[in-house]
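We will go from one selection to the next.

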Amino acid sequence: MAFIRKRRLERELYSKERFSLLLLNLEEYYFEQHTANHIINKGCRDERKFSGSLKICSKSIIFEPDDNIQPIIKIPLRDCISIKAPEDNEANNPFTRDTSGGISVVCNQVFLIKERNIIAPYKTVRGRTEHLFQLDVAGKLGDVVQTLHQLYRASCLDKMGDQAAMITAILQSRLARTSFDKNRFQSISETLRMECKAEMVTPLVTNPGHVCVTDANLYFQPLNGYPKPVVQITLQNVRRIYKRRHGLMPLGLEVFCTENDLCSDIYLKFYNCQDRDELYFLIATYIENHITEHTAESYMLQWQRGHISNYQYLLHLNNLADRSCNDLSQYPVFPWIIADYSSSVLDLTKPETFRDLSKPIGALNKERLDRLLTRYQEMPEPKFMYGSHYSSPGYVLFYLVRVAPEYMLCLQNGKFDHADRMFNSLAETWKNCLDGATDFKELIPEFYENDSSFLVNSLKLDLGKRQGGKMVEDVELPPWASGPDDFLQKSQEALESQYVSEHLHEWIDLVFGYKQKGSEAVAAHNVFHPLTYEGGVDLNSIMDPNEKVALLTQILEFGQTPKQLFTIRHPRRIIPKLKSLSRTSSHSVSIAESPVSPNEESFEDLTEESITLAWNNIAKLKLDEQYKIHKEAITGIAVTCNGSSVFTTSQDSTLKMFSKESKTIQRSVSFSNMALSSCLILPGDTTVISSSWDNHIYFYSVAFGRQQDILMGHDDAVSKICWHDGRLYSASWDSTVKVWHCVPGETLSNKKHHFELLAELEHDVSVNTIDLNAANTILASGTKEGTISLWDVPTATVLHQLPCHSGTVFDAAFSPDSRHLLSAGEDCCFKVIDVQTGMLISSVTTDEPQRCFKWDGNTILSGSQSGELLIWDLLGGKIIERIKGHTGAVMSMWINEQCNSVITGGEDKQIMFWKLQY
């Protein structure tokens with residue numbers, strides 16, 4: 001029994017650990033773990049300290065105490081009020097920071113799980129509580145808090161699609177800065193064939209990591225090192241491989257080292273079908289004992305001739321139709337066979353003992369079917385007859401709750417179903433499938449296997465009390481079964497009986513065959529919701545991430561129809577009766593004895609590592625999308641924190657708000673008839689500031705869609721603006737840079753911003769560009785005559801002034817460490833200045849002017865006069881890569897915090913979205 005055997009193996013492997021991925025929410029990832037203490041009532045007399053493991057997950061914080069008596073604590077990030085280190089208020093003091101390794105989490109809801117190591121519904125503790133976690137390695141405190149803050153921001157996003165996108169970005173960043181540990185190879189003589197990112201799929205959860213295939217082995221290394229550092233499969237042992245549809249997408253691959261078994265050795269989900277197909281090809285090519293996949297027709301021939309049993313045939317059809325015990329939304333489906341659950345003796349010679357296999361469950365009761373058909377006739381297109389499916393995660397776990405209670409708790413947010421709705425009795429369940437208004441479920445393979453444990457409450461679970469006071473215990477069996485094992489034995493005999501052998505093809509026509517879709521399905525009363533069918537929806541065509549997430553969630557809960565295997569009528573079986581057909585399957589699974597260990601790579605600083613990796617691969621920047629949204633050259637780009645909205649300014653005098661999700665312009669505003677020169681968005685994404693050639697600076701309210709204020713602060717065009725901590729820095733052709741203190745007006749009143757001029761930095765000629773260092777203590781300005789000036793912001797005095805360029809300075813920017821300033825000019829040169837000394841330390845000549853750029857201190861990504869994107873090795877003074885871009889000059893450039901997403905605006909009136917493809 002595949003599902004139950006996998007559960008038993010997991011318990012044997014990891015019996016000492018109470019934590020499992022099933023404690024996570026659906027679509028949640030487990031990132032890293034830290035040895036820590038949970039301190040309760042710190043500083044009080046009754047202070048208590050519990051040692052254990054702190055798990056950082058994408059939607060929650062989980063603490064697993066070493067003491068099994070104590071409950072596992074799960075804190076949903078969305079319920080957190082604050083997450084901080086107690087030393088945060090002393091963050092600038094190097095002698096006090098990170099000394100205790102403490103993280104304070106204040107929340108308004110906590111779940112307590114597995115108290116006294118008993119599997120039971122989660123206990124919910126509501127109300128404001130504070131939890132202090134003290135890391136064993138205090139030096140990791142900053143990294144952990146930063147990660148938690150990032151995940152917390154994701155959890156606070158209103159839309160599920162935005163949450164999923166941000167979490168995915170965090171995950172991909174972590175994967176991108178790690179790779180498979182080649183020291184895990186079984187032999188030093190192995191030759192690497194392929195490496196890529198993927199997720200290992202198990203029921204209800206996926207675990208991201210790295211896949212590596214050599215000429216001898218297939219490896220998977222989880223990013224989090226859980227449940228073991230590496231999964232290894234010897235290619236020579238592989239017997240079957242199947243491409244899978246996972247989450248409606250062709251991204252899955254399942255590998256079996258057995259011939260006749262539902263239990264695979266690994267199920268992988270890839271991030272693109274190219275990686276999946278390449279790995280499939282490599283496994284098929286490099287294994288000596290690879291057995292070519294059989295087609296449905298070849299299995300049909302074996303079944304017709306009696307070479308395989310009814311059970312084996314159904315097993316193979318399920319495999320070919322993308323059904324897997326690792327995917328509960330596509331769990332193998334088997335039919336109800338027996339219709340008699342009241343007789344004391346089961347007579348397999350009587351046709352009335354059996355269910356009518358020519359009809360779906362929903363059509364077995366004529367009165368119910370008539371009601372459903374009436375509703376179907378009145379329903380608008382697309383029509384469907386049944387409001388629920390015959391196979392879904394909920395139905396699978398309905399049957400298996402006694403052996404897989406943690407899966408049920410995972411699916412149902414920490415709760416069991418109501419006691420009267422549990423799998424209490426075979427007779428009751430069958431009756432409800434016949435009479436229930438929304439119950440059309442079929443069975444699962446376990447009913448025709450040899451392990452009866454799913455019928456017995458051997459774990460002594462408290463599954464509730466039914467009406468009448470009876471506790472939910474073992475499944476009540478029909479009178480004709482002397483016990484659970486006898487029930488399974490008789491069910492197997494019924495499946496292999498002559499009646500079923502003569503009629504099984506009729507059920508196959510409904511589930512896998514020509515009556516699954518189209519007019520034949522309508523005639524057979526076999527029409528389910530259109531989203532459950534393969535090809536019923538094209539996820540790639542859905543641009544709205546929220547709609548996509550909602551759709552995937554619906555499918556996960558509702559279930560999916562198997563892939564259609566036959567488009568014509570299925571033939572009957574030739575051999576009418578089989579006395580005994582072997583259905584043994586291999587139970588040998590390689591069990592690694594390696595203990596669970598944390599993945600050290602997960603402790604690296606997320607932002608720094610991802611930025612370094614991005615710049616190391618910046619030459620792999622690829623054009624993702626492009627849109628012509630202005631009538632003249634684009635001069636400025638600003639992006640909201642979640643990346644969903646892009647604001648652009650143009651020489652056509654408009655500020656536009658472009659939605660990345662809908663790919664449409666959602667706002668367009670013109671403040672005057674003069675060109676806009678730059679823009680920025682204030683923290684909180686509520687206000688956009690634009691500078692204009694009409695000498696003014698405009699404040700635009702995103703929330704209210706109107707001009708909020710005007711700053712008339714210059715005597716000539718405003719060329720560039722910067723913002724930090726309530727201060728606005730504006731550069732102008734009037735030869736000044738001005739520093740303003742801005743006090744925002746009350747959004748809902750008529751009060752305007754209050755502007756106070758703090759400093760005026762005088763220049764001899766027009767100022768074209770400015771930039772602030774990371775500490776916001778030094779400002780760099782570049783003029784139309786090529787002079788670079790460095791200013792001390794607090795004192796408004798000039799530190800250095802250099803005639804760097806012969807012509808306009810187009811762009812200038814500090815390095816991330818603020819030690820150097822890079823500038824690009826009309827004279828086709830890059831110049832590097834040492835900030836401390838003011839010395840010109842490097843000059844790189846270009847073929848044409850570079851109008852804008854981003855850099856990390858070593859590598860430059862620049863936009864050229866001709867429209868190309870160029871990647872430069874600054875130290876080597878050479879071009880690494882040329883990337884075709886705009887048809888005119890690249891006028892503006894934006895890069896995200898992780899430096900893996902770039903947006904450029906051009907003279908050709910287009911914005912281009914670029915992505916790194918590692």
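Select D771 and show its side chain. The side chain of D771 reaches the backbone nitrogen of F814, at 3.0 Å. This is a predicted model, and every distance on this tour is computed from it.

Now color by secondary structure. D771 lies in strand β28. Is D771 buried or exposed? D771 is buried: its relative accessible area is 18%, and the cut-off for buried is under 20%.

Next, show what surrounds D771. Leaving aside neighbours within four places in sequence, D771 is in contact with C722, I778, L779, A780, A812, A813 and F814. D771 and I681 are 90 residues apart along the chain. Draw a line between their C-alpha atoms, and you get 16 Å.

Move along to N773. Where does N773 lie? Look at the loop between β28 (767-772) and β29 (778-783). N773 is buried too, with a relative accessible area of 7%.

Show the side chain of N773. Which backbone nitrogens does the side chain of N773 reach? One belongs to N776: that nitrogen lies 2.8 Å from a polar atom of the N773 side chain. Another belongs to T777, also at 2.8 Å.

Keep N773 selected and widen the view. Setting aside neighbours within four places in sequence, N773 is in contact with I778, F814 and S818.

Look for an open sheet of 4 strands, in the order β24-β25-β26-β27, with antiparallel pairing. Its edge strands are β24 (718-724) and β27 (754-762), and each pairs on one side only. Neighbouring strands in this sheet are turned by 20° against each other on average, direction ignored. What holds strands side by side? Strands of a sheet pair through backbone hydrogen bonds, either parallel or antiparallel.

Zoom in on β26 (residues 736-743) and β27. How many bridges join β26 and β27? They pair in the antiparallel sense over 8 bridges. Pick C742 and look across: F755 in β27 stands opposite.

Last stop: helix α8, residues 393-400. 7 of its 8 residues are buried, so α8 is largely enclosed by the rest of the structure. Hide the surface again and click through the buried ones: P393, Y395, V396, L397, F398, Y399 and L400.

Notes: Residues are numbered from 1 along each chain as its sequence is written. This is a predicted model: local features need pLDDT of at least 70, side-chain atom pairs count only at pLDDT 80 or more; totals for chains, interfaces and linings use all residues. Side-chain values use heavy atoms; hydrogens and water are left out. Helices (H or I, at least four residues) and strands (E, at least two) are DSSP runs, numbered from the N terminus. Buried means under 20% relative accessible area, exposed over 50%, partly exposed in between (1.4 Å probe, protein chains only). A polar contact is a pair of N or O atoms within 3.5 Å; within protein, one must be able to donate a hydrogen and the other to accept it, and residues adjacent in sequence count only if both atoms are side-chain atoms. Contact means heavy atoms within 4.5 Å. Two strands pair if DSSP finds at least two bridges between them. Axes are lines fitted to C-alpha atoms, for helices over the stretch in contact, and angles run from 0 to 180 degrees between N-to-C directions.
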